Each structure stands twice: as C-alpha cells, then as structure tokens.
Amino acid sequence: MNKIIYTAIACSFFLFGCSSSKKITSLIPEKPSQAPDYFCTWNLQGYVTSFSSTEAQRNAMNEKNIFGMGPYEHWAGMFKKVNRDLYFLLDDSWDAPLNNDKSYFGSLIVDSTRFPSVAGKKPAQRLKILSDKAKKAGWKGLGLWVCAQEAPKYKTGDSVGYWTERLQWMDTAGVGYWKVDWGEKDRSPEWRGFLTDLGKQIAPQLKIEHALIPSVLGKAELYRTYDVENIIAVPHTIARIGSALSHLPPGKATSIINCEDEPYIAAGTGCAIGVMRHEFSGKLPNGVQDMVFPPSGRDLKNRRDEVVRAVRWHRIAEPFEINRNEVYIDTMQLHDYWVMEKNETWMDRKAGDVNSMSAPAVITRGLEKPVITLKDGDTLQPYILASKYPNGAIAVAAIGRTIKREYITPRANVLLKVDSLNKPLGVFGHFNELTLELKTSAGFKRIFAQDLAGDKAIDVTQRIIIKEDKVIISGALIDEIGLMAATSGDKSEPGLVLFFQR
C-alpha cells in the first residue's frame with residue numbers, strides 16, 4: 001500500500017470512528033482543506049518598500065513582485081507546504097493605476113500597467129489570467145481585496161448593474177475570494193448585505209468577507225476581526241472574537257469569523273485564517289527593523305510552522321459559523337500590556353507608551369467551561385480556547401500572555417469535559433497537563449498522535465494515562481509530539497492531532 005492509501009485509512013478512522021488493524025502513517029488528510037483561509041500580500045507590499053509610504057506600498061502590487069524570481073520577488077512561491085489550502089489574495093491597488101488615481105478604487109479591472117500579461121484583454125479575461133497563474137503556482141485559487149464602493153471612474157448610478165457585471169467576471173474567471181474593506185460604503189450594513197446576496201446569486205463559488213461593522217454579522221458569509229498591532233494582537237483578537245460570537249441572538253447560523261494572522265486562536269475558536277506574515281525575515285531592505293513584525297515579543301515571522309499546523313488542522317475540521325452551537329465567554333478578563341520601544345508597530349506610538357488590552361480568559365464553542373488550575377506558586381494564567389466542530393472534532397488551545405516586554409507561555413492544568421473522543425483532538429500551545437473527562441469509560445485500544453506540521457503518526461498509547469472516564473495527556477508529551485516536525489529556528493508553540501482508536 002502506498003502513502004496515500006495509508007492516509008485514506010487514517011481519515012476513515014476519524015471520520016467514521018471505525019476500528020481497524022491497518023497501519024496508520026498519517027492522521028492528516030492529503031486532500032486540501034475547503035476552509036476559507038488565505039494568504040494576503042499587504043505586509044509583503046510594505047516590506048519590499050521598507051514601508052516608505054502608502055503610495056510605495058501600493059505600487060509594489062505588481063506582476064513582477066508576485067511571479068518574478070528576483071530579490072524580494074516570487075511572492076507566489078511562499079508557504080509551499082500549505083499553499084494549496086489557501087487563496088492567494090492580492091491586496092490594495094491591484095485594480096488601480098500606478099499613479100494611485102483613487103477614482104479607480106473599486107473598478108475590479110486588473111490594471112495592465114501592474115500586470116502586463118493582461119494587456120489588451122477584457123476584464124473577465126484579465127482576471128482569468130491571474131486566477132490561472134495563482135493556481136499554477138500551487139494555490140487554491142485567487143482572492144482579491146475589494147474597495148467598498150463603485151469606482152468613481154466607472155460609476156453609473158446603477159449599483160445593481162455595476163456589481164452584477166463584476167460578479168459575472170468573477171464567476172467566469174473562477175475567482176474564489178473577496179476581502180471587502182474600506183470605501184464609500186464600508187459602514188453600510190445594507191450595502192454589504194446586498195453585495196453578499198447578489199454574490200450568492202451571480203457567483204456562488206465566490207466567498208465574500210466583510211469587516212468593520214458587527215451589524216453585518218446577520219448577513220455576512222465571513223467577517224474579519226480586522227487589523228491589529230502584532231505586538232499586542234493576542235488579547236485584541238480574542239476580545240474581538242468574543243464580541244462577534246456574542247453579537248447575535250441565538251438563531252440561524254451565520255458568518256464564519258476570520259481572525260486574521262492568529263492561527264492557533266483560529267483553531268481553538270473555530271475561525272478562519274487570513275495569513276499576513278511572510279517569508280522575508282529580518283530587517284527591512286533599508287536596514288530598519290520591520291515594525292509590523294518586530295523580533296521582540298512573539299517574533300511572528302519566525303513562527304511559520306504554526307501557520308502550517310493550523311491550516312492543516314482545517315483539513316480535519318473546518319471553521320464554522322456563529323450560532324452553530326452554544327458559546328461560553330468568560331466574564332473574567334485577563335489584562336495584557338506591552339511597554340513600547342521604537343519600531344514595534346505601524347501605529348503612532350512612542351517608546352515608553354504602555355499598549356494594553358484585556359480579553360476573556362476562556363472562550364468555548366459547543367463545550368462546557370474547562371476547569372483551569374495552576375501549579376503552586378504560579379499566578380499567570382494562559383488564555384484557554386476550545387471548540388467542538390460540527391464534524392465532532394475538538395480543538396483546545398492555550399494561548400500565551402503579553403506582559404511588559406515579554407510573550408510568556410504559562411502552563412496550566414486544563415480539564416475539559418467532552419461527550420466522546422471518537423473524532424480527532426487538536427491540541428495547540430503549552431500545557432502542564434490536559435485532561436479530557438468523558439461521559440463514559442474511555443476504553444481505547446490504541447492512541448496515535450502527530451505533529452500537524454509533519455507526516456508521521458506516532459503510537460502514544462503507553463504514554464497517556466487513562467483512568468476510567470479520564471484521559472490525561474502530559475504537557476511534556478504535547479511539547480514532544482507537537483514540535484516533532486518543527487523547522488530549525490522556528491519559534492512556534494506545539495500543535496498536534498490525536499486519534500483515539502477503540
């Protein structure tokens with residue numbers, strides 16, 4: 001049997017809870033995820049221009065940077081391990097000329113001065129050329145940043161006709177994703193709802209993401225938590241997810257949340273991922289520290305493995321909508337803060353400023369509040385996030401704290417009550433001990449675990465403690481298996497999947 005067949009056997013285990021004596025080599029499906037995850041070019045545009053100006057950052061959006069092979073080019077060659085799971089999303093200015101004429105924003109016509117290969121072609125043909133090039137480079141498909149307006153250059157007064165035509169272009173070209181951002185209509189829930197409904201009619205394969213106004217959550221297929229400073233992003237992102245999850249009354253399932261570049265938070269809360277970090281490490285081309293991804297704190301650009309792990313988790317369990325199950329949001333808030341130094345943010349802050357934010361200590365979806373205890377002498381608690389996905393898979397994540405000038409990963413004992421473990425369990429972050437309390441006796445014959453960044457499952461049956469209805473996993477085992485396939489020098493925390501065979 002070849003590797004693909006082995007993987008298929010493993011997949012059948014967690015999808016259907018079968019027992020078998022067949023050999024398991026991998027717990028991760030080979031088939032790419034259908035999750036609405038993407039890789040966005042905006043921070044690449046800034047990096048290659050040393051963030052010298054907004055105009056320069058916009059002008060970096062061009063065909064040579066994306067598909068060329070020179071220094072600071074070949075953007076489409078990044079994240080090779082998971083690019084087939086991600087849309088390649090062109091951010092701000094792909095549809096505007098290099099002179100930054102703002103009257104073109106929202107035209108959705110690929111600019112031929114930026115992309116010479118589309119010159120002389122009709123709008124749908126231009127998009128098809130770029131869509132095909134993205135797919136040929138290995139990506140799931142093409143995504144596009146969309147200005148929330150009809151471009152003044154092409155405005156006719158017929159909004160329905162304007163957007164119908166552009167959605168038809170997308171349908172013809174096979175474009176898969178829209179990131180609808182700022183613009184004249186960015187604060188209009190009515191317009192955003194109209195665009196979503198029209199998109200479903202004209203281009204049903206197109207996923208349309210909205211942002212900025214929680215009032216659109218009743219309509220939006222996807223809702224982005226929006227821009228944060230990476231140095232203090234953890235509490236901001238968790239707080240925004242909590243707000244979005246509690247915004248709507250119980251009822252119809254709507255809106256998958258995209259929590260941007262926080263992959264382990266996404267796994268723990270059932271959210272989609274918008275990858276913003278990239279593979280150009282170190283200082284900016286002009287020799288200055290990259291203030292969007294400073295090396296202090298988490299040093300996100302040296303945490304690329306966690307992107308791989310969370311994206312591959314979505315092959316096992318896909319993000320799901322608000323109101324798909326019960327939500328628990330802790331009333332206890334954890335307070336994080338960062339004392340700023342120079343070049344640590346894209347916002348206007350001075351050295352010595354205290355940058356602070358609070359967020360719920362715990363968020364769960366479809367699960368009870370976990371019991372969290374600290375070792376004697378410890379006072380710092382991690383954020384704990386846990387979700388039961390619609391297919392029955394469970395994810396639990398321990399997320400670190402931003403304190404003073406350190407990113408700290410405190411270890412807690414976490415007890416999580418679950419109905420069963422007949423589907424995969426994803427574990428992200430550092431724990432002292434993770435205990436799963438089942439409603440019935442465990443009775444597992446074998447237990448397998450695998451680094452989500454790797455391709456080999458390990459039999460850990462003898463290393464996990466089972467006491468009647470409790471399964472106890474040590475933090476040391478989580479660290480060992482969850483970092484087994486780690487890239488040398490990568491600073492990501494562990495991320496693994498476990499399968500319990502009866």
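The model is a predicted one, in which local features need pLDDT of at least 70 and side-chain atom pairs count only at pLDDT 80 or more, while totals for chains, interfaces and linings use all residues. Residues are numbered from 1 along each chain as its sequence is written, and side-chain values use heavy atoms, with hydrogens and water left out.

**Select the whole chain.** Coloured by secondary structure, the chain shows 11 helices and 25 strands, where helices (H or I, at least four residues) and strands (E, at least two) are DSSP runs numbered from the N terminus. The radius of gyration is 23 Å, close to the 23 Å that the globule rule gives for 502 residues, so the chain is as compact as a globular protein of that length; the radius is taken over C-alpha atoms, and the rule is 2.2 Å times the number of residues to the power 0.38. Along the principal axes, the C-alpha atoms fill a box of roughly 70 × 55 × 50 Å. Of the 502 residues, 59% are buried, that is, under 20% relative accessible area with a 1.4 Å probe and protein chains only. Among contacts (heavy atoms within 4.5 Å) between residues at least 6 apart in sequence, 70% join residues at least 24 apart.

**Select the eight-stranded sheet.** This open sheet has mixed pairing and the order β9-β12-β14-β15-β19-β25-β21-β22, two strands being paired if DSSP finds at least two bridges between them. At the edges stand β9 (327-329) and β22 (458-459), each with a single partner strand, so one side of each is left without a neighbour in the sheet.

**Select 362-365 and 383-388.** These residues form β12 and β14, which run parallel and are joined by four bridges. Arg 365 has Ser 387 in β14 as its bridge partner.

**Select 495-501.** Here is β25, a mostly covered strand in which seven of its seven residues are buried. One side carries Gly 495, Val 497, Phe 499 and Gln 501, the other carries Leu 496, Leu 498 and Phe 500, and both faces are covered.

The residues 425-428 are β19, which pairs with β25 in the antiparallel sense over four bridges, and Leu 425 has Leu 498 as its bridge partner in β25. Residues 446-451 are β21, which also runs antiparallel to β25 and is joined to β25 by six bridges; there, Phe 448 stands opposite Phe 499 of β25.

Definitions and conventions. Buried means under 20% relative accessible area, exposed over 50%, partly exposed in between (1.4 Å probe, protein chains only).
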